[in-house]
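Trainee: I'm new to this one. Could you walk me through how to read it?

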Amino acid sequence: MRSMDGIAWAGSAMVAARTRLEIATANLANVSTDGFARVVAQGRMTPEGVSVLRQRDTAGHGPMRRTGRDLDLAIVGPGAFEVSSGGTRSATRAGSFARERDGTLSDPQGRKLLAGARAVRVPEDARIDERGRVLDGEGAVIARIPLPAGSTIRSGFLESASVDAIHEMIDVMSAERSFESAQKVVSSIDKTREKSATDVARVK
Amino acid sequence: MDRALFAAASGMAAQQQNLDTIADDLANTDVAGFKGSSQRFAELAAAGEPGLGTVALGAHLLMTQGKLAKSGGPFDVAIDGPGFFAVVDAAGRRAYTRDGEFQRAADGTLRNANGLRLDGVRVPADALSLQVADDGTVRAAFAASTRTVGRIRIAVFPAPDRLRSTGGALFAATPEAGRLRLVVPGSENGPKLRFGMLERSNVSIIEAMMQILSAQRAYEANAKGVQAADEMLRIANNLQRG
């Protein structure tokens with residue numbers, strides 16, 4: 001373990017403040033991104049100084065927005081849609097899907113909605129009920145979108161980003177100020193050292 | 001800091017595109033049959049690392065029904081339900097529209113404001129008035145009789161929101177929109193024709209104004225993020241001077 005002096009501590013505080021600004025600006029940038037879960041900064045004291053971890057806030061959900069499109073799906077409660085693109089699976093709460101010619105449902109980024117291991121394939125008049133069941137025109141169940149117990153799907157709605165612009169602006173401001181204060185600390189320690197390096201020698 | 005600058009700048013660029021889309025919607029609120037669209041965004045992330053910013057994915061058409069309103073035009077017709085009027089331009093290319101504000105042209109065709117001809121109808125020169133029945137049959141009244149002069153069929157696409165907007169209320173077919181079906185209007189559960197009415201644009205001015213406000217504020221907030229990142233860089237550069 002390397003031992004930390006004052007400048008190193010203040011330096012780590014500057015890096016932490018920078019990370020907080022990065023997190024706040026990235027959250028702000030995604031204020032209109034459907035299904036976006038904000039990232040929260042988690043500060044910790046470590047023997048190497050202050051460190052800030054990026055943590056996705058999956059507990060808080062964004063507000064629901066009505067769109068009226070049948071294939072816009074929002075999850076009420078926890079859970080996420082499994083999507084895949086080129087073999088890469090990911091999870092998203094942005095449920096804006098469109099039916100492709102081959103019957104698969106793809107999101108705006110071209111990722112296919114999965115039900116279990118396979119992509120969902122639906123006929124033209126399919127709909128999705130609140131329990132996540134994919135029904136064809138006659139009401140027969142074709143597939144089932146896996147959901148955690150207690151969660152439901154609302155068709156015709158999308159979940160907006162869980163970003164609160166006010167909160168993030170305050171984070172931007174306070175990150176800027178803590179960066180500034182840490183810089184002052186670095187400067188004053190530097191000045192003290194300058195004194196000891198130049199004035200002490202002059203005293204005699 | 002570069003990362004914060006980039007993230008904030010990506011937010012500004014995305015909101016700029018968002019504003020363009022809303023402005024286009026607002027500009028067309030008075031166009032009959034116009035369909036609004038909404039910009040969609042995705043988070044930029046590299047290999048599981050969040051926080052790189054955002055990207056606008058493009059405008060997505062919203063094919064919801066506009067309000068039907070009585071109109072004064074003698075050849076106005078609106079579609080209640082899904083589908084489009086098939087219209088043909090001078091070069092024979094097909095386009096699709098829900099704008100049913102037609103005018104009688106000198107050659108007897110019914111043409112919309114863009115000069116595109118409604119497929120399947122020709123009105124003789126001596127016809128006095130026109131009547132469109134629920135099943136799309138167009139009957140013209142003459143001095144002594146009435147006669148069928150054409151039939152309007154409705155073009156239905158499986159995925160109409162994947163059509164390509166070609167300006168105003170006109171759309172072009174795309175492979176993604178699926179195979180076109182020509183439907184006789186008036187059937188149960190199917191689209192219906194409303195003669196003497198027009199479909200208003202489905203853009204709600206109030207909603208669009210609200211979207212403009214929030215897009216503007218989001219743009220501003222991101223601009224502040226750029227400023228803050230810049231300020232931090234300035235402070236960092238002042239470290240040396242003390």
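Mentor: Helices (H or I, at least four residues) and strands (E, at least two) are DSSP runs, numbered from the N terminus, and two strands pair if DSSP finds at least two bridges between them. Keep in mind that this is a predicted model, where local features need pLDDT of at least 70, side-chain atom pairs count only at pLDDT 80 or more, and totals for chains, interfaces and linings use all residues. Residues are numbered from 1 along each chain as its sequence is written, while chains are lettered from A and ligands numbered from 1 in the order in which they are written.

Trainee: What is the strand order in the open sheet that contains S15 of chain A?

Mentor: Strands of a sheet pair through backbone hydrogen bonds, either parallel or antiparallel. Here the order is S7-S4-S15 in chain A, an open sheet of 3 strands with antiparallel pairing. Strands S7 (95–96) and S15 (152–155) are at the edges, each pairing on one side only.

Trainee: How do I check a helix, say H1 of chain A?

Mentor: Compare its length with an expected span, which is 1.5 Å times one less than its number of residues. For H1(A) (residues 6–29), 24 residues should span 34 Å, and the end C-alpha atoms are 35 Å apart, which agrees.

Trainee: How many residues of H1(A) are buried?

Mentor: A residue is buried if 20 or more other C-beta atoms lie within 10 Å of its own, exposed if 12 or fewer, and partly exposed in between, with C-beta atoms placed from the backbone. In H1(A), 18 of the 24 residues are buried, so the helix is largely enclosed by the rest of the structure. Over in chain B, B:Phe6 is in helix H1 and counts as partly exposed because it has 19 C-beta neighbours inside 10 Å.

Trainee: What radius of gyration does chain B have?

Mentor: The radius is taken over C-alpha atoms, and the globule rule is 2.2 Å times the number of residues to the power 0.38. A compact globule of 242 residues would come out near 18 Å, but chain B has 25 Å. Its C-alpha trace spans about 100 × 35 × 35 Å along the principal axes. Chain B holds 2 helices and 18 strands, and 37% of its 242 residues count as buried.

Trainee: How many residues does each chain bring to the contact?

Mentor: Two residues are in contact if their C-beta atoms, placed from the backbone, lie within 7 Å. Chain B brings 42 residues and chain A brings 36. On the chain B side, H2(B) gives the most, with 11 residues.
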